[in-house]
Amino acid sequence: MNVFQTASNIGIIPVIAIEDAAKAVPLARALTAGGLPAAEVTFRTAAGEEAIRQIAQNCPEVLVGAGTVLNLDQCDRALNAGARFIVSPGYNEELVNHCIEKGVPVFPGCVNASDMTRAVNAGLKVVKFFPAEQSGGVAFLKALAPVLPLDFMPTGGVNTKNLMDYLSFDRIAACGGTWMVKKDLIEGEKWDEITAICKDAVKTMLGFELRHVGVNCADEAEAERTAKAFSAVFGFEYKPGNSSIFSGTALECMKAPYLGEKGHIAIGTNSVDRAVYHLGLQGVEFDESTRKTNAKGKTAAIYLKETFGGFAVHLVQK
């Protein structure tokens with residue numbers, strides 16, 4: 001498993017302080033059911049180490065790591081328990097070097113240019129930004145990002161309301177959050193509520209919306225007639241292109257039949273790559289031959305294998 005890529009695809013990493021290790025597995029399963037198969041289990045509680053062990057042994061599909069790791073002893077205990085990554089609240093050079101020597105992904109906490117520069121010089125690609133909101137939020141990261149070859153994982157003050165302020169910035173690898181795993185929810189074993197909060201967070205993160213409908217026309221002449229008819233009746237702008245003609249932004253008339261018996265439906269999303277990952281968790285399959293990427297290597301569009309009502313469906317980057 002590529003920890004960095006998996007964390008980025010998941011997008012939101014629940015940060016858990018758990019008091020009873022017996023609750024770790026049902027909690028991990030509740031997170032997974034909500035679309036967030038990940039857990040940064042902190043060493044702030046005595047149950048942290050055992051909670052990591054229980055999740056690693058019983059929920060192999062969950063990306064589990066250790067948070068609030070302060071020293072080498074905690075690091076080694078976490079790794080022996082099954083942690084796949086290490087997170088520290090600050091930049092601990094000894095800890096970072098220890099993880100690098102072991103080949104273990106480490107996300108040290110960095111809140112200033114000095115610590116971030118140290119991370120760059122150590123060869124790190126991603127660091128934790130904690131506490132995020134109290135340290136200037138995404139505006140601070142946008143100011144520093146142009147001079148630092150790093151991606152960031154903000155944690156601290158992140159919630160559903162400001163989640164996309166962070167994730168819409170392409171230098172954010174993922175966000176850490178506690179709002180779906182609050183102490184009272186875990187102690188009360190409110191697994192269904194935790195799952196519902198996770199689903200809401202994933203829905204916000206992906207931000208699906210209908211962008212346009214593409215109609216398969218027999219030829220260019222039919223595409224012109226159809227687009228002009230809609231534009232004349234509804235006042236939509238007529239916009240001819242190479243392979244299709246748009247009437248407004250929501251109707252695309254194809255100059256020749258393309259995928260789908262009737263045409264295609266474009267669904268916009270905040271991140272095509274994350275959408276592919278999360279829909280894949282639900283069993284949705286994609287036609288890799290249709291994947292288009294942008295200059296940064298991110299997926300810009302891709303078609304699903306399944307059709308709906310005679311229409312092919314593709315995801316497009318907003």
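Buried residues are those with under 20% relative accessible area, exposed residues those with over 50%, and partly exposed residues those in between, using a 1.4 Å probe and protein chains only.

**Figure 1. Overall view of the predicted model.** Of the 318 residues of the protein, 51% are buried, and the C-alpha atoms fill a box of roughly 75 × 45 × 30 Å along the principal axes. The protein holds twelve helices and 16 strands, where helices (H or I, at least four residues) and strands (E, at least two) are DSSP runs numbered from the N terminus. Local features of this predicted model need pLDDT of at least 70 and side-chain atom pairs count only at pLDDT 80 or more, while totals for chains, interfaces and linings use all residues. Residues are numbered from 1 along each chain as its sequence is written, and side-chain values use heavy atoms, with hydrogens and water left out.

**Figure 2. Close-up of the two ends of helix 1.** At the start of helix 1, a side-chain oxygen of Asn 2 reaches to within 3.1 Å of the backbone nitrogen of Phe 4. Gly 11, which follows helix 1, has a positive phi, near 90 degrees.

Technical notes
Polar contact = N/O pair within 3.5 Å; in protein donor to acceptor, adjacent residues only side chain to side chain.
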